[in-house]
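Student: I am new to this structure. Please show me how to read it, one feature at a time.

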Amino acid sequence: MENPWNSRERQELLLSPRRERWFPRSAILQGLALGEGMAVADVGAGGGYLVEELALAVGQAGQVWAVDPSPQARALLTERFQDGRHPQVAVCDGTAAATSLAAATADRMVWMAIYHELLHDAPKGGGIDASFAEARRVLKPGGLLAIGDWRPVETEIGPPVAARVSRSDAGEQGRAAGFTLLSATDVSDAVWLLVLKAPAGD
Ligand SMILES: C[S@@+](CC[C@H](N)C(=O)[O-])C[C@H]1O[C@@H](n2cnc3c(N)ncnc32)[C@H](O)[C@@H]1O
């Protein structure tokens, strides 16, 4: 099946400031507890809804890998970040299950609005178990994985309710994959955020 996000129009819609209503960036960043010089992987980054904020939080001594399998997403990311204002941003072709990043290199990883897609075997992806295994490989020992996605309730926009997952089910899946659940909150009336910690040493 083709990735439904292989559409320039859909990728541009994801950058709409209206998304703050559901995905408030300040709350998401707070959960990530970023610091100067950290390396962050935004996996399924789309056109980069979070990327500029991540780049500002880690500074030029840090690194942001914006990973996405969609050529349209990567083209948009490249256009948005090629002006050199944020040289710490690199655009990468990859999926959550095969990011193309080296082992034990990321302090933080973000999966924003992709979890329901991974669960339902996202296009070109390897499913949820392979995605958690890849997160464990790429994160440094004790690194954090922040996952945000739609609550299974009716909302004005977003995926069908039947395709969504509750934060408790997602937390269980993270724990089963060897992560420790640090926090589970709602960042808006429609979106939950989990922060999971990778094991101290694999
Ligand atoms: C709803 S968009 C979210 C984009 C971005 N995280 C945001 O919040 O604006 C889902 C993104 O996941 C990407 N995607 C699809 N399959 C994927 C996979 N297996 N692994 C990682 N990302 C995937 C799509 O190309 C798309 O850009």
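Student: Which residue of β4 stands opposite D42?

Tutor: Strands of a sheet pair through backbone hydrogen bonds, either parallel or antiparallel. Here D42 stands opposite V110 in β4. Strand β1 covers residues 39-43 and runs parallel to β4, joined by four bridges. Two strands count as paired if DSSP finds at least two bridges between them. The model is predicted: local features need pLDDT of at least 70, side-chain atom pairs count only at pLDDT 80 or more, and totals for chains, interfaces and linings use all residues. Residues are numbered from 1 along each chain as its sequence is written.

Student: What is the order of the strands in the sheet?

Tutor: Names come first. Helices (H or I, at least four residues) and strands (E, at least two) are DSSP runs, numbered from the N terminus. The sheet is open, has seven strands and mixed pairing, and reads β3-β2-β1-β4-β5-β7-β6. Its edge strands, β3 and β6, each pair on one side only. On average, neighbouring strands are turned by 15° against each other, direction ignored.

Student: How many helices and strands does the protein have?

Tutor: It has seven helices and seven strands. From the N terminus they run α-α-β-α-β-α-β-β-α-α-β-α-β-β.

Student: Which strands does helix α3 lie across?

Tutor: Angles first. Axes are lines fitted to C-alpha atoms, for helices over the stretch in contact, and angles run from 0 to 180 degrees between N-to-C directions. Contact means that two C-beta atoms, placed from the backbone, lie within 7 Å. Helix α3, residues 51-58, lies across β1, β2 and β3, at about 160° to β2. Helix α7, residues 167-176, lies across β5, β6 and β7, at about 15° to β7.

Student: Which residues of α6 are buried?

Tutor: Count neighbours. A residue is buried if 20 or more other C-beta atoms lie within 10 Å of its own, exposed if 12 or fewer, and partly exposed in between; C-beta atoms are placed from the backbone. In α6 the buried ones are I128, S131, F132, E134, A135, R136 and V138. Their cover includes β1, β4, α5, β5 and α7. An α-helix has 3.6 residues a turn, so residues three or four places apart point the same way.

Student: How far does α6 reach from its first C-alpha to its last?

Tutor: The expected span is 1.5 Å times one less than the number of residues. Helix α6 has twelve residues, 127-138, and reaches 17 Å, close to the 16 Å expected.

Student: Where does L181 sit, and which residues does it contact?

Tutor: L181 is in strand β6. It is partly exposed, because 16 other C-beta atoms lie within 10 Å. Leaving aside neighbours within four places in sequence, L181 contacts G171, G174, R175, L194 and L196.

Student: What is the phi of S100, and is S100 buried or exposed?

Tutor: Most residues other than glycine have a negative phi, and most peptide bonds are trans. S100 has a positive phi near 80°. It lies in the loop between β3 and β4. With 12 C-beta neighbours inside 10 Å, S100 counts as exposed. A113 also has a positive phi, about 60°. Its loop lies between β4 and α5. A113 is buried, because 21 other C-beta atoms lie within 10 Å.

Student: What percentage of the 202 residues count as buried?

Tutor: The share is 45%.
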